Amino acid sequence: MQNVKQTNIRNFSIIAHIDHGKSTLADRLIEKTGLLTSREMQDQILDSMDLERERGITIKLKNVRLNYKAKDGEEYVLNLIDTPGHVDFNYEVSRSLAACEGALLIIDATQGIEAQTLANVYLALEQDLEIVPIINKIDLPSARPEEVKKEIEDVIGIEAEEAPLISAKEGLNIEAVLEEIVNKIPAPKGEKKAPLKALIFDSYYDSYKGVVAYIRVFEGVLKPGMEIRMMSSNKHYEVTEVGVTTSKQGPVDQLEAGDVGYVVASIKNVKDARVGDTITDHNNPTDSPLSGYKKVVPMVYCGIYPAEGEDFNSVRDALEKLQVNDASLIFEPETSAALGFGFRCGFLGLLHMEIIQERLEREFDLNIVTTAPSVIYKVMTESGEMLSIQNPTNLPHETEIEYMEEPIVSASIMTPTDYVGAVMELCQNRRGTFINMEYLEETRVVMHYDLPLNEVIYDFFDALKSRTRGYASLDYELKGYEESELVKLDILINGELVDAFSIIVHKDKAYERGRSIAERLKDEIPRHQFAVPIQAVIGSKIIARETVRALRKDVLAKCYGGDITRKKKLLEKQKEGKKRMRQIGSVEVPQEAFLAVLKYDEK
Amino acid sequence: MKDLGIYIHIPFCNSKCYYCDFVSFPHKDDRIDEYIEYLLGEIKEYKELLKEYIVKTIFIGGGTPSYIGGQHIGRILEYIYKNFNVEALEEVTIETNPGTLNREKLKLYKEYGINRISIGVQSLNDNLLKNIGRVHTSVDFYRNFDLIRNLNFKNVNVDLMFGLPNQTMEDCKETLEKITKLDIEHISYYSLILEENTLMDKWYKEGKIRLAEEEMERDMYHFGINFLKDQGYKHYEISNFAKDGLECKHNLFYWQLKPYIGFGLAAHSNLKDKRYWNYSNFKDYYNSLDENRFPIDGEETINREMAIAEYLIMGLRLIEGVNKNDFFNRFKIKVEDLYEELLIKYKEQGLLYIDDEWIRFTPKGLDLSNIVYVDILP
């Protein structure tokens with residue numbers, strides 16, 4: 001593949017709210033530039049992970065190189081770097097944006113601006129990116145492009161009069177988007193002769209090649225045979241391949257300042273190619289690494305344990321492999337009395353947590369058990385020491401606690417005015433403090449609340465969506481810590497404390513939560529030969545009690561016509577189910593039970 | 001010569017009961033003649049293979065075998081007698097449904113050697129019968145039963161079900177009382193099981209029907225056991241009761257894992273270390289036979305470990321349990337040497353009774369047998 005001159009390169013990403021049509025537009029751009037014929041196109045090329053397709057969101061960003069002959073007659077290389085769209089993944093968005101000079105801002109012509117869009121626009125503006133607004137879904141009868149243009153100008157403060165009106169779904173006006181990219185987004189700058197400076201914005205582990213790092217070259221040249229250095233660790237490696245991603249990966253002779261591509265350098269340990277790191281020439285290093293990456297701060301923690309003890313090492317290997325693609329995932333070994341050896345993991349949010357769990361199960365075929373999520377609490381002890389607690393088990397005894405603080409987030413919730421009441425009610429239930437409400441237009445408002453993070457991590461997003469018929473959107477960032485009256489809620493099963501179920505909860509919520517967890521566990525724990533009591537306790541006080549009645553019947557009544565094979569299959573299925581249970585004392589607890597504590601019951 | 005049990009599947013019936021997941025096609029009368037021809041073809045294919053076996057029992061099941069003409073049944077039996085060694089034949093059973101029998105049919109049955117009639121009564125409460133999709137009434141049963149006795153059949157079984165939708169303890173007692181007055185030789189008394197892909201299972205999942213609570217269902221079972229024992233029946237298998245010496249010999253072949261062979265659609269066979277089953281649709285079944293192949297859809301090879309587990313699982317269905325000496329003679333190893341820990345555990349939990357000679361379920365163990373079975377499976 002030929003190297004193009006720097007002035008003909010455009011590096012851009014797409015910013016959009018979920019469902020506003022980002023992936024569809026990406027598909028159309030790919031199709032339009034002839035990378036794939038439409039027959040070869042799978043829907044939504046960039047979201048190639050199963051999970052992403054199912055959830056309709058992009059989790060792991062990817063990039064693709066498009067060749068486009070513009071109306072000015074010149075050949076351009078357009079590097080599209082995809083970004084995730086969920087509030088949990090701000091960090092990934094920032095990585096993606098740092099590799100670009102511009103961003104397409106897609107706004108749904110029927111819905112207008114959403115909170116998430118705004119948050120990402122601000123991230124892009126922070127990186128000094130050129131924002132190119134695109135108005136999508138104009139084929140829908142309820143499209144109101146003129147109002148949306150005005151909204152963009154009023155709310156974001158960027159010129160929107162010339163924004164292309166398109167329908168990605170119908171393939172309408174896609175060429176206008178390509179022209180906007182060429183004309184509005186600046187070409188990359190950067191000296192080819194300077195020492196190498198390249199940014200890792202994504203990477204993954206390939207079992208044949210080792211770590212494959214996606215990079216943006218800012219200065220210098222990168223080619224096979226070179227000795228490169230990771231600036232954070234000072235480790236160095238010999239480059240074996242550089243390339244670009246078109247319809248699939250393909251090697252090129254070299255990558256130059258302004259290019260986006262990938263590098264392979266026999267990097268064996270995934271920890272040695274950290275996303276966010278700067279790559280330079282080992283023999284001719286640059287003075288200073290690139291800046292502009294946000295530090296990852298996990299907001300939610302939980303324990304992940306192998307369902308069977310012997311899988312501990314497999315879980316560790318899997319987490320390590322996921323970590324190379326996902327710099328925001330952190331983990332360290334821990335032990336639970338109920339669950340044995342496992343890991344305490346940190347995530348950006350609850351969705352991020354669920355995705356990691358699902359990937360461990362699907363991609364690595366592991367059976368895992370997850371404990372209740374927790375945030376980091378600050379605990380001032382009687383002896384004047386400030387502790388950070390992210391595992392409820394480690395909370396000191398109440399007599400040793402002077403006071404506790406919990407993290408508070410500033411949340412912006414954008415919603416049609418019809419649902420203001422419903423949103424207020426939800427936020428009040430979740431111990432929110434109302435700050436203010438702004439009208440974006442007559443029928444839409446943005447509401448600002450301070451909310452305890454531990455209320456947000458328990459299905460707040462789902463509750464918000466269901467109360468507003470999916471119209472509201474949420475964005476939040478950590479504001480700080482506030483003193484709060486918190487207690488530890490424990491669950492006893494058959495008289496035994498199960499540490500994996502312990503949560504830290506506000507005093508006023510403890511009774512309700514305790515009752516709801518006990519009820520859910522009653523439904524999840526199968527009947528045993530004996531009755532199994534489930535108790536929720538604070539300290540030594542029992543606040544809720546349920547009983548799983550003793551099993552009276554577990555029998556195959558008839559074995560007809562000698563079909564032993566089928567009867568055996570039923571037994572085998574039962575045995576399989578049993579394997580997926582954790583033995584706690586003499587009680588077998590299915591993995592689903594551990595999820596029971598995640599959900600609030602708000603019916 | 002080794003003993004053999006033969007099963008014959010008749011996949012036709014009057015109408016499909018709501019709980020039924022057996023291979024059976026209601027009102028496909030136009031297919032009966034053709035099916036019988038192919039069935040005979042399949043039987044013939046086995047002539048060579050079964051030379052070293054001696055047939056002890058024949059069981060004609062379905063579907064509703066009594067739904068089709070008696071002459072078909074006669075032809076099938078005649079064919080078996082012609083092709084296999086039947087000099088020591090002891091038991092020939094046919095399954096029937098109330099309302100499908102008449103004097104001519106029964107006479108033909110008798111003529112062709114059938115000596116045991118099994119009747120799918122299920123309940124003597126007509127409302128309950130309707131609820132589960134049975135198309136007969138209790139009167140149909142009484143009429144057919146009289147005919148059966150008139151023609152001097154001396155070995156009769158009735159199938160009864162408990163745990164039916166809306167069934168009360170009283171209903172259950174009433175049926176048992178009425179049935180035992182008739183001095184029937186054998187009673188299958190089994191609990192309604194919702195099988196997947198049945199109408200009933202679907203309705204249950206949709207919340208349209210309610211089943212008896214586990215507690216009541218077990219009360220019905222325990223009542224049945226005690227009541228039938230009082231009436232002089234021997235409880236010899238989880239769901240089966242018989243007058244002295246009149247246990248179902250054919251079913252014992254299954255429970256004791258003796259060789260058996262199944263002819264017809266979806267029939268199962270157990271020969272040597274193989275278990276296999278036939279196609280369950282006419283097309284594949286016919287095509288195979290047209291090409292002179294056995295119409296086998298799938299098979300399972302039973303290795304020693306699995307054979308041992310199955311022997312215990314099936315054997316423990318019998319109330320007398322598994323005989324330790326029989327086990328040793330069959331596998332040349334003591335059952336304790338293989339399952340010591342498991343046997344101790346379930347003895348302690350009160351699910352198993354173990355003495356020098358026998359291993360059997362306790363009454364509690366009979367209710368919770370799957371717990372033990374799951375553990376026995378390798």
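Visitor: Which residue in β17(B) does Ile354(B) stand opposite?

Guide: This is a predicted model, in which local features need pLDDT of at least 70 and side-chain atom pairs count only at pLDDT 80 or more, while totals for chains, interfaces and linings use all residues. Residues are numbered from 1 along each chain as its sequence is written, and chains are lettered from A and ligands numbered from 1 in the order in which they are written. Three bridges join β16(B) to β17(B), which run antiparallel; strands (E, at least two residues) and helices (H or I, at least four) are DSSP runs numbered from the N terminus, and two strands pair if DSSP finds at least two bridges between them. Within this pair, the residue standing opposite Ile354(B) is Ile359(B).

Visitor: Which strands of chain B stand at the edges, each with a single partner strand?

Guide: The order β15-β17-β16 in chain B describes an open sheet of three strands with antiparallel pairing. Two of them have a single partner strand, so one side of each is left without a neighbour in the sheet, and these edge strands are β15 (322–323) and β16.

Visitor: Within what arc do the buried residues of α15(B) fall, seen down the axis?

Guide: Ser369(B), Val372(B), Tyr373(B) and Ile376(B) are buried in α15(B), a residue being buried if 20 or more other C-beta atoms lie within 10 Å of its own, exposed if 12 or fewer do, and partly exposed in between, with C-beta atoms placed from the backbone. Taking the directions from the helix axis to the C-beta atoms, these residues line one face of the helix because they fall within an arc of 100 degrees.

Visitor: Which element of chain A do the buried residues of α15(B) pack against?

Guide: In chain B, these residues pack against α11, α13 (335–348), β16, β17 and α14 (363–367). Their packing also reaches into chain A, where the element is α13 (564–579).

Visitor: Which element gives the largest share of the side of chain B that touches chain A?

Guide: The contact takes 20 residues from chain A and 32 residues from chain B, two residues being in contact if their C-beta atoms, placed from the backbone, lie within 7 Å. On the chain B side, at least two residues each come from β8 (186–191), α8 (214–230), β11 (260–263), β12 (268–271), β13 (274–278), α11 (304–315) and α15 (369–376). The largest share, five residues, comes from α15(B).

Visitor: How many residues of strand β5 of chain A are buried?

Guide: Strand β5 (residues 130–136) runs parallel to β4 (residues 102–108) of chain A, and seven bridges join the two. Gly102(A) stands opposite Glu130(A) in β5(A). The strand is mostly covered, since among its seven residues the number buried is six.

Visitor: How many C-beta neighbours inside 10 Å does Asn136(A) have?

Guide: Asn136(A) lies in strand β5 of chain A, and an unreviewed UniProt entry includes this residue in a "binding site" annotation, together with His20(A), Gly21(A) and Lys137(A) among others; such annotations may be inferred rather than shown by experiment. Leaving aside neighbours within four places in sequence, Asn136(A) is in contact with residues including His20(A), Gly21(A), Asp108(A) and Ser167(A). Asn136(A) counts as buried because its C-beta neighbours inside 10 Å number 31.

Visitor: Is Ser142(A) buried or exposed?

Guide: Two residues of the loop between β5 and α5 of chain A can be set side by side, Lys137(A) and Ser142(A). Lys137(A) counts as buried, with 26 C-beta neighbours inside 10 Å, and its contacts beyond four places in sequence include Gly21(A), Asp108(A) and Ala143(A). Ser142(A) lies 9.0 Å from Gln111(A), C-alpha to C-alpha, although they are 31 residues apart in sequence. With 8 other C-beta atoms within 10 Å, Ser142(A) is exposed.

Visitor: What percentage of the 378 residues in chain B is buried?

Guide: Chain A has 14 helices and 32 strands, and buried residues make up 48% of its 603 residues. Chain B has 15 helices and 17 strands, and the buried part of its 378 residues is 44%.
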